[in-house]
Amino acid sequence: MTVYVHSNPVFGTNSYLLGPTATGSAIIIDPGSFDGTILHRIEDNQMHLSAILVTKPSSFHISGIKTIRRIYDAQIIAPCRSLFSYPCTFIGDNSTVELDGVRIETIAMPDHSRESVLYLINGALFSGEALSAGMIDVSASAYARALLIETIRTSLVALPPDTVIFSSFGPPTTVAVELASSPDCRLQPDAEL
Amino acid sequence: MNQLRCERDGCSRMAFFRSHTCLEHSQDSTAAATAAIDFLLQQSELRDLCFDGLCMSGLQLSGRTFERCSLRHCAIERCELSRVKFNLCFLEFARISSCSFAHSDIRRSVFGVSRLSSNDFSDCELIECNFNGVSCTDTCFDDSDLLSSRFIAADLSRVGFRNCNVREVHFGNTSLASCDFRYSNIEDAYRQIPGRRL
């Protein structure tokens, strides 16, 4: 399965297209927009978009859903019950969903937002806004931030060091790089992983 | 990306190119490394391959395309990598020295926590690349587009960023010694330490 990165020209966020799965379908994560580039990517590779995953129901991540649903009858999986009046398959902490032979695990980030999850798919972590290369997202308070840092650090330590992290903003990173260099998440200043 | 793992018990690394183990646990690591280097020299397009831990010295790799390749912990020395294309490649914890990447197109690739010394990245497209935690000395990024790349917690010494596009480039917690940002749009970069100026 291949990960295609798509930069959203409106919000400057990243969407990710994963495919093809064992059944030839594709999954899109955080469609902040849906334009001809993604459509061609899906159709040129003879895939069918079967699912939309949302890390957090904010406009950065969901604005492309209405367009997608006009074209594909894709299932929406999100940490909420509905989006734009479309029913969603609710996914919470430590949930596992099997989708076209693809195993999707979730890690909730309640200290970031009540409706925020990270998806672990095929050895890659899709972290949404909560974590990006060298940074974690803003929190409501210093206490919430401390909790979020601890939750993220605990989650990262449990993953293989070469796990790739794809976030909504900025470049990809890996667990090893975050634990060695992130000012928020690093374990030790000179950690060798 | 090749997700095969090393067959050795307790080892979680990815399996090396055309191997069932990582390079360290290969029965004949020299032969495995030689086969990988031969392949690198022969092929112009390399996709979904793992070369973790490979030592490359004096190779002519100009114009190659690397897509979703893993080059973690590699030692890359005196290699000619001008006009290469890297897309979604992983070079973290690598040691890269005296290499030329001039005129290359490098996108969404991870160089995090690598040691970069005396390299030439001039006139490159370095879009959304991750240089967090790098130790970088005597390196030239002049005339490059670094859009949305990150140098967070990096240690940059005698690094040239002349005439670069540094829009949305993050330099938070970065040590900058004798770095040259002349003619670059530094007002569009993020500097997270109050009082520190590029």
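Two strands are taken to pair if DSSP finds at least two bridges between them, and the strands themselves (E, at least two residues), like the helices (H or I, at least four residues), are DSSP runs numbered from the N terminus. The structure shown is a predicted model, in which local features need pLDDT of at least 70 and side-chain atom pairs count only at pLDDT 80 or more, whereas totals for chains, interfaces and linings use all residues. Residues are numbered from 1 along each chain as its sequence is written, chains are lettered from A and ligands numbered from 1 in the order in which they are written, and side-chain values use heavy atoms, with hydrogens and water left out.

**View 1. An open sheet of six strands in chain A.** The strands follow the order 1-2-3-4-5-8, and their pairing is mixed. Strand 1 (2–7) and strand 8 (89–90) of chain A stand at the edges with a single partner strand each, so one side of each has no neighbour in the sheet. Within this sheet, strand 2 (residues 14–19) and strand 3 (residues 25–29) of chain A run antiparallel and are joined by three bridges; L18(A) stands opposite I27(A), which belongs to strand 3.

**View 2. Strand 10 of chain A and its pairing with strands 9 and 11.** Five of the seven residues of strand 10 (residues 102–108) of chain A are buried, which leaves the strand mostly covered; buried means under 20% relative accessible area, exposed means over 50%, and partly exposed lies in between (1.4 Å probe, protein chains only). Strand 9 (residues 96–99) of chain A pairs with strand 10 in the antiparallel sense over four bridges, and the two strands form a hairpin with two residues between them, where D100(A) in the turn has a positive phi of about 50 degrees. On the other pairing, strand 10 and strand 11 (residues 117–121) of chain A are antiparallel over five bridges. E105(A) in strand 10 stands opposite T96(A) and also opposite L120(A) in strand 11.

**View 3. The two ends of helix 1 in chain A.** At the start of helix 1 (residues 36–44) of chain A, a side-chain oxygen of D35(A) comes to within 3.2 Å of the backbone nitrogen of T37(A). Just after this helix, Q46(A) takes a positive phi of about 55 degrees.

**View 4. An open parallel sheet of seven strands in chain B.** The order of the strands is 2-4-6-8-10-11-12, and their pairing is parallel. The edges are held by strand 2 (55–57) and strand 12 (175–177) of chain B, each with a single partner strand, so one side of each is left without a neighbour in the sheet. From one strand to the next the twist averages 10 degrees, where axes are lines fitted to C-alpha atoms (for helices over the stretch in contact) and angles run from 0 to 180 degrees between N-to-C directions.

**View 5. D155(B) in strand 11 of chain B.** Strand 11 (residues 155–160) and strand 12 of chain B run parallel and are joined by three bridges, and the bridge partner of D155(B) in strand 12 is S175(B). The side chains of these two residues also make a polar contact of 3.4 Å, a term for a pair of N or O atoms within 3.5 Å, of which, within protein, one must be able to donate a hydrogen and the other to accept it, while residues adjacent in sequence count only if both atoms are side-chain atoms. D155(B) touches V134(B), S135(B), C136(B) and S175(B), not counting residues up to four places away in sequence, where contact means heavy atoms within 4.5 Å. With a relative accessibility of 40%, D155(B) counts as partly exposed.

**View 6. S122(B) in a loop of chain B.** S122(B) lies between strand 8 (115–117) and strand 9 (125–127) of chain B, and at 15% relative accessibility this residue counts as buried. Its side chain is joined to that of D120(B) by a polar contact of 2.7 Å. Beyond residues up to four places away in sequence, S122(B) touches A102(B), H103(B), C140(B), F141(B), D142(B) and S144(B).

**View 7. Cysteines without disulfides.** A search of the whole structure over all chains finds zero disulfides, a disulfide being a pair of cysteine sulfur atoms within 2.5 Å. The sulfur of C80(A) is too far for a bond because the closest cysteine sulfur, in C88(A), is 4.4 Å away; C80(A) is buried at a relative accessible area of 7%. For C136(B), the closest cysteine sulfur is that of C179(B), which at 8.0 Å is too far for a bond, and C136(B) is buried with a relative accessible area of 1%.
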